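Subject: Structure handover and what I found

Hi,

Here is the structure for you to look over. My notes come after it.

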Amino acid sequence: MKLSLGLKVSNSLSLTPQLQQAIRLLQLSSLELEQEVQLQLDSNPLLEKIEEENLNQSLEELHQEQAVTDLSHELNADHLPKDLPVDTEWDDVYTHQSSAMEMPEFEEREDNHHIQNSLKDHILEQVNLLHFSKIDRLIAYCIVDGLDEKGFLDESIEEILAAVQRLLSQMEIQEDIELDEVVVVLKHIQRLEPVGVGARTLVESLYVQLDVLPIQTELRKEALLLLKYHQLLIANDLNKLIKQTGLSIEQLKGGIELLKSLQPYPGLAFENNSLEYQVPDVVVSKKNDTWFVQLNPDVLPKLRVNSFYANMIKRADQSVDNQYLRNQMLDAKNFIKSVDERHKTLLKVASCIVRHQREFLEIGAEGMKPLVLRDVAEEVELHESTVSRVTTNKFLLTPRGLFELKYFFSSHVGTSTGGEASSTAIRAKLKKLIADENPRKPLSDNSLAKMLNEDGIEVARRTVAKYRESLHIPSSSDRKVLI
């Protein structure tokens, strides 16, 4: 083996930091981009955000300086005028209050705003009003602690009993607790508001809600009888249900309607319903039969280089401070350029998608055209990976709703005329056919496949079954309604 030194020339590709930053910004959502912009603003003094209020603030400062100058001239004069300018007006300090008859005071008080308690707090407030002994109250606290978000008891009676005994031993209280005592307290809690809370199963919750209804409630007995055969009710086996219960079709229908009027999950009313709203990145609107695509101005960061610090940079100065300002200005310009390229690429891809899916915007999901990343990439002259990044976590606001850009890409199925049909359009057609079917004679997957074939869409029965399951639509036997 011989060792030697030599030179070799080869071509290689490397991603510059600016290109890496531009690629990373492409796949960020609007919220992530806002966080990234704020991070750059905090770390780079030469980068600043253009606020719409800056111009108004500058005008206000100019007026204030003029007022101070006028005031100083008047104070230095030989005589003082009768009325000197003041900083505030009388109405700014003392506002007119209407009479109590016109606007009651309690409407403006903060302590009148209602704050909804959690489910456990709501139950504990009612437990504290009951005439429970200390032991029963401790059992009730352990039961309430075992409730889940739906209001069901997530622990067994034995586990609650063990928890109570463990707490009593920690408090050095010698008391023997039996399972029956836990059950009695549990029955009291199940009849608190909301009724049915603390049940261990859905059937038990519905039974408690029916049990507290007045005895003269119409169809109450029939609904209780149906709960006794709940397995047949879940299986939708109405023929066996009629034989086992001895009810008529009208009684069976009325009992089912009464069960539907009950609350299956009592705790959901106290669930925190804080919704996460998605902010659209692109907005599509129609004017004079023309679809316009524009970026959402609310999520577009308006950035610029700080002119004050930029003027401090000296060309021939090689000091540490001057080099720092140079590097920060270069980073600021590159970041602004990367953000601008991100917006241009997003607008270009969104416009291409809208051109392809114009029929979807006109008639809905049935007009969706088959589209893949390669089609858009070739049209906008970008790589598929770039199109994939720019359509991830980006949302398009249309007159038909808010959709992620990925929603407009779908596979295709051949048609009898040699064309292609989008899988999204096929799902929409299936959903419409099932919605229009006779509930007593629902359409089977084979019948749905034949109907689609008559419309020119060539799909097999198993494909229809796959699309139906993706829509969370049960089979024809489960959709059948006899009453």
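First, the ground rules. This is a predicted model, in which local features need pLDDT of at least 70 and side-chain atom pairs count only at pLDDT 80 or more, while totals for chains, interfaces and linings use all residues. Residues are numbered from 1 along each chain as its sequence is written, and side-chain values use heavy atoms, with hydrogens and water left out.

**The sheet**

Four strands make an open sheet with mixed pairing. Their order is β3-β2-β5-β6. Helices (H or I, at least four residues) and strands (E, at least two) are DSSP runs, numbered from the N terminus. Two strands pair if DSSP finds at least two bridges between them. The edges are β3 (290-295) and β6 (401-404), and each of these pairs on one side only. On average, neighbouring strands of the sheet are turned by 25° against each other, direction ignored. As background, strands of a sheet pair through backbone hydrogen bonds, either parallel or antiparallel.

Now strand by strand.

- β2 (residues 282-287) pairs with β3 in the antiparallel sense, over six bridges. V284 stands opposite V293 in β3. The hairpin of β2 and β3 has two residues between the strands, and N288 there takes a positive phi near 55°.
- β2 and β5 run parallel and are joined by two bridges. V283 has L397 in β5 as its bridge partner.
- β5 and β6 are antiparallel, with four bridges. L396 stands opposite F403 in β6. A hairpin of two residues joins β5 to β6.

Which helix lies across β2, β3 and β5? It is α15 (residues 320-356), and β5 here is 395-398. α15 runs at about 155° to β3. Axes are lines fitted to C-alpha atoms, for helices over the stretch in contact, and angles run from 0 to 180 degrees between N-to-C directions.

**Helix α20**

α20 spans residues 445-454, and its buried residues are D445, L448, A449 and L452. They sit on the same side of α20, because they cover an arc of only 100° around the axis. The arc is that of the directions from the helix axis to the C-beta atoms. Buried means under 20% relative accessible area, exposed over 50%, and partly exposed in between (1.4 Å probe, protein chains only). The face turned away from the buried side carries the exposed residues K450 and E454.

What covers the buried residues of α20? The cover includes α19 (423-435) and α21 (461-470). Contact means heavy atoms within 4.5 Å.

Take α21. Its axis and that of α20 come within 8 Å and cross at roughly 105°. That makes α20 roughly perpendicular to α21. On this scale, angles under 35 degrees count as roughly parallel, over 145 as roughly antiparallel, 65 to 115 as roughly perpendicular and the rest as oblique. From α20, the contact uses D445, N446, L448, A449 and L452. From α21, R461, V464, A465 and R468 take part. By class, the contact has five nonpolar, one polar and three charged residues. Ala, Val, Leu, Ile, Met, Phe, Trp, Tyr, Cys and Pro count as nonpolar, Asp, Glu, Lys and Arg as charged, and the others, Gly among them, as polar.

After α20 comes G456, with a positive phi near 95°.

V339 is in helix α15. V339 counts as buried because its relative accessibility is 3%. Leaving aside neighbours within four places in sequence, V339 is in contact with L25 and P301.

Q40 is in helix α2 (residues 30-43). At 16% relative accessibility, Q40 counts as buried too. Not counting residues up to four places away in sequence, Q40 touches Q21, L47 and F335.

L397 is in strand β5. Is L397 buried or partly exposed? At 33% relative accessibility, L397 counts as partly exposed. Beyond its neighbours within four places in sequence, L397 is in contact with P280, V282, V283, V284 and L402.

Best wishes
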